[in-house]
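Subject: Structure for you to look at

Dear colleague,

I am passing on the structure that we talked about, and below it I have written out what was found. Please keep it open beside you as you read.

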Amino acid sequence: MSPAKTLKRAALLRAAAIPSVDRLLKSRPLAPLLEQHGHTRVTAALRARLTQLRTAAVAGRLEAAAVTAEAVAVALIERLDTGPTALQPLFNLTGTVLHTNLGRALLPEAAVRAVVTALTSPVDLELDVASGKRGERDARAARLLCELTGAEAATVVNNNAAAVMLVLSVLAARREVLVSRGELIEIGGSFRLPDIMRRAGARLTEVGTTNRTHLADYSNALGPRTALLLKVHTSNYAISGFTASVPLARLVALGRAHEVPVAVDLGSGSLTDLTRWRLPAEPTVREALAAGADLVTFSGDKLLGGPQAGLIVGRADLIRRLRSDPLKRALRVSKLTLAALEAVLSLYREPELLAQRLPTLRLLVRPEDEMRAQAARLRPCLERALGSGYAVAAVPLASQIGSGALPVEQLSSHGLAIRAVKGGGGSLTRLAAALRALPRPVLGRLADKTLWLDLRCLESADEAAFATQLEALAPGALA
Ligand SMILES: *Cc1c(COP(=O)(O)O)cnc(C)c1O
């Protein structure tokens, strides 16, 4: 800056009479802020505000009223109340019940209480209280898993990707794993079977073709270096038409004959027979074990409806090997996960009450009548809030379970279809953005020039909050 400019700047700043940091910190209007947020954060916010005021002064845009301690305090309150804080609750009207980007399964009250206890008091995480001896942290969850699936043994890691990684590293490092070409999956979030296999140090031997794999394909490929036969549930796609795959029981027979273990990655899996609630059938963990699988891996936060976790059940000698590996220590779960998981697994012991207690199942079995009535109730609210630029209709919809469970099956559901009226000045992208900008953001699905709001995941308890919030939509933002 030239000397003349520097002088002019200094004169402008003097004229603006911006108080010093110290003086403002000692002023009465800032006292409550210091009490609430402490010296460090208030000082940082104050310095930032003063820089703003100086810039305005130099530009000749500063009003005298902005430099009073009261005005500075008001500006600071805004600064201190915003910024990155905690995860934000929103309304999932996407029609996907287990949405990975939205945190998958919602946990039941019982799990929340168990987590609070584990967070706020010392717990018997790795202690057998009766004997006073050290215990395994996942022993309690393992006992429940054995009871619910008929497994000999079980263990818990961070997620199902970790479970698969652990199984491959411990049982098949530097050796060969046979997988059907029809089951080489990629799950969202870069879980790709060939990559996991490479990272685990196992060699992937593909057998069969994309659409057809026969038992002979496995037996021809089986050799002295084969450590594992792996069957993977094709979670997020379906191969239809001229197809063939080998039933688990036949693969097990082949594995037994050659003393090679068979592992199944069930992905979502299920601990109960979902057809009991007239949902489409999803393979259960118990079935896979009954068919002879030596190990089964599955997720805690998909259909099971629990916290993020990877569950491994099966033969006791194999589980022992997994548990004693250093990688297991690196992939172990926290007490929060275990507290929530144990609480959720306990609910499965009383299956008749599960659909009331487990939010995931409750959402999946929500009666159509209930959703239809809800759509009829909410339609006028939306019409009022959106104004004449949009047309709102209550419509039947099809929702998905999500997270790779039953990719082809859809659940009959109800919701609202919003379209922009021709020449009415509405815009669906603007509307979707305005809904996301609400205090509790609303997420729908934009497709076919329609914004679809699927009501399956809007439980009655949340309906009033949803409707009230619509009044906050600024008509100006929509037109
Ligand atoms: C979802 C899924 C995984 C990954 O599970 P995360 O719990 O998300 O780590 C692995 N395999 C299959 C077949 C899956 O469906």
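How far does a polar side-chain atom of serine 299 lie from an oxygen atom of the ligand? The distance is 2.7 Å, and please bear in mind that this value, like the others in this message, comes from a predicted model.

The ligand and its surroundings

Serine 299 is one of 13 residues that surround the ligand, and the closest of these are Ala161, Ser235, Asp265, Ser299 and Lys302. Alanine 161 takes part through its backbone, where a polar atom is 2.9 Å from an oxygen atom of the ligand, whereas aspartate 265 uses its side chain, in which an N or O atom is 2.6 Å from a nitrogen atom of the ligand. Taken alone, the ligand exposes 380 Å², and the protein buries 94% of that area.

Helix H8

The 13 residues of H8 should span 18 Å at 1.5 Å a residue, and its end C-alpha atoms are 17 Å apart, which agrees. The buried residues of H8 include Asn160, Ala162, Ala163, Val164 and Met165. At the N-terminal end, asparagine 159 caps H8, with a side-chain oxygen that lies 3.3 Å from the backbone nitrogen of alanine 161. After the helix comes arginine 174, whose phi is positive, near 60°.

Helix H15

Helix H15 (residues 335-347) has 13 residues, and from its first C-alpha to its last it reaches 19 Å, close to the 18 Å expected at 1.5 Å a residue. H15 is mostly covered, with 10 of its 13 residues buried, among them Thr337, Leu338, Glu342 and Leu347.

Residues in loops

Glutamate 259 is found in the loop between helix H11 (248-257) and S10, and since exposed means over 50% relative accessible area, its value of 73% counts as exposed. Arginine 278 also has a positive phi, near 60°, and is a residue other than glycine; its place is in the loop between S10 and helix H12 (285-290), and with a relative accessible area of 81% arginine 278 is exposed.

Aspartate 124 is in the loop between helix H6 (109-120) and strand S2 (127-128), and at 29% relative accessibility this aspartate counts as partly exposed. In sequence, aspartate 124 and arginine 137 are 13 residues apart, while in space their C-alpha atoms are 8.5 Å apart.

The chain as a whole

Finally, the chain is divided into domain 1 (3-80), domain 2 (91-97 + 364-478) and domain 3 (109-357). Taken over C-alpha atoms, the centres of domain 1 and domain 3 are separated by 58 Å.

With best wishes

Note on methods
Residues are numbered from 1 along each chain as its sequence is written. This is a predicted model: local features need pLDDT of at least 70, side-chain atom pairs count only at pLDDT 80 or more; totals for chains, interfaces and linings use all residues. Side-chain values use heavy atoms; hydrogens and water are left out. A residue is near a molecule or strand if one of its heavy atoms lies within 4 Å of it. A polar contact is a pair of N or O atoms within 3.5 Å; within protein, one must be able to donate a hydrogen and the other to accept it, and residues adjacent in sequence count only if both atoms are side-chain atoms. Accessible areas come from the Shrake-Rupley method with a 1.4 Å probe; for residues, only the protein chains shown count as cover. Helices (H or I, at least four residues) and strands (E, at least two) are DSSP runs, numbered from the N terminus. Buried means under 20% relative accessible area, exposed over 50%, partly exposed in between (1.4 Å probe, protein chains only). Domain bounds come from an automatic or database domain assignment. The expected span of a helix is 1.5 Å times one less than its number of residues.
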